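Morning, everyone. I have one model to walk through today. Here it is on the screen.

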Amino acid sequence: MLSYRHAFHAGNFADVIKHATLTLALQSLLKKAAPLCYLDTHAGSGTYDLHGAPARKTGEARDGIQRLWQRTDIPETLAPYLDIVRAFNADKELRYYPGSPRLVHSQLRANDRMVLMELHTTEYPLLKQEFTADARVAVHHVNGFEGLKAFVPPKERRGIALVDPSYEIKTDFDNAVAAIHAAYERWATGVYLLWYPVLERTLVNRLERRLHETGIKKILLAELCVRADDSATGLNGCGMVVINPPWQLDEQLKTLLPWLHQVLAPKGAGGQRVEWLVHE
Ligand SMILES: C[S@@+](CC[C@H](N)C(=O)[O-])C[C@H]1O[C@@H](n2cnc3c(N)ncnc32)[C@H](O)[C@@H]1O
């Protein structure tokens with residue numbers, strides 16, 4: 001029984017890092033005219049109302065997107081993501097936050113496609129409803145860890161797969177690596193993005209070991225923590241694993257993350273790193 005609902009967390013600092021990285025990777029692929037496919041194994045419900053009860057209850061967006069969305073002194077690498085968020089909030093008040101499917105959908109071209117997976121019985125119908133009118137979008141009520149392998153390689157042969165589990169179950173770490181490994185064996189040229197939480201450092205170390213053991217090359221890791229590793233207050237930080245990162249994504253993230261860290265953790269708690277876990 002799944003209990004996690006992203007509406008409680010939409011627009012928090014973790015979404016900022018995830019969605020800024022996703023947008024940068026996508027923008028890079030969109031430079032070529034050839035169609036692409038976006039796969040989202042844990043899609044959520046699409047768009048989130050920050051005035052709704054779940055978002056108000058936690059107030060997490062206050063320490064995330066709220067700190068950024070109207071700033072003008074931003075690095076240029078953050079502009080495409082913030083432009084999309086602003087377009088959802090035309091009346092100068094931050095109310096709607098685009099989740100990963102919405103964010104990508106707003107950049108999709110006529111011949112691109114999206115394959116969305118969501119298992120939660122409440123979230124799936126909401127997601128389905130968001131995209132009913134668009135033939136480029138397929139929404140599946142499936143387990144994303146299993147679905148990913150079934151949907152690759154996409155016929156376009158180029159694209160991005162986002163794996164963004166809720167980590168309600170500790171096996172999500174291993175399941176995510178296994179799902180990506182199985183998909184990679186069918187589609188070795190895809191760009192894979194895996195979001196992970198920093199709760200206990202030992203779990204991150206284990207994730208890194210598991211990724212190494214797959215033998216997959218070109219694995220970049222970008223991590224931002226807003227609290228020290230030993231804080232027992234909840235999510236101390238999070239990271240993105242990027243397999244086959246588009247050209248210069250590493251350099252882009254190396255300039256973006258220090259800036260984001262300074263805005264999202266103004267007292268300097270935590271830290272950030274961008275490093276190759278496995279190079280060529
Ligand atoms: C972190 S949220 C997704 C957020 C979304 N990707 C975004 O960035 O806007 C994780 C989602 O995965 C769903 N979920 C949990 N386990 C799943 C599974 N095995 N397969 C597919 N979806 C799952 C949850 O219901 C939740 O909506």
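Start with a definition: two strands pair if DSSP finds at least two bridges between them. Strands here are DSSP runs of E, at least two residues long, and helices are runs of H or I, at least four residues long, all numbered from the N terminus. Now some ground rules. Residues are numbered from 1 along each chain as its sequence is written. This is a predicted model, where local features need pLDDT of at least 70, side-chain atom pairs count only at pLDDT 80 or more, and totals for chains, interfaces and linings use all residues.

Strand 1 first, residues 37-40. It pairs with strand 4, residues 113-117, in the parallel sense, over 4 bridges. Within that pairing, Tyr 38 has Met 114 of strand 4 as its bridge partner. Strand 1 also runs parallel to strand 6, residues 159-163, again with 4 bridges. There, Cys 37 stands opposite Gly 159.

Is strand 1 covered on one face or both? Both: Cys 37 and Leu 39 are buried on one side, Tyr 38 and Asp 40 on the other. Buried means 20 or more other C-beta atoms within 10 Å of the residue's own; exposed means 12 or fewer; partly exposed is in between; C-beta atoms are placed from the backbone.

Next, strand 9, residues 237-243. Here 7 of the 7 residues are buried, so strand 9 is largely enclosed by the rest of the structure. Gly 237, Gly 239, Val 241 and Ile 243 point one way, while Cys 238, Met 240 and Val 242 point the other. What are its neighbours? Strand 7, residues 191-198, runs antiparallel to strand 9 with 7 bridges. Trp 195 is partnered there with Met 240. Strand 8, residues 219-225, is also antiparallel to strand 9, with 7 bridges. In that pair, Leu 220 faces Val 242.

Now helix 3, residues 79-87. Its buried residues are Tyr 81, Leu 82 and Val 85. They cover an arc of only 90° around the axis, which puts them on the same side of helix 3. That arc is taken over the directions from the helix axis to the C-beta atoms. On the other side, Asp 83 and Ala 87 are exposed.

Last, the ligand. Of the 21 residues around it, His 42, Gly 44, Gly 99, Ser 100 and His 120 come nearest. Near means a C-beta atom, placed from the backbone, within 6 Å. That's my tour.
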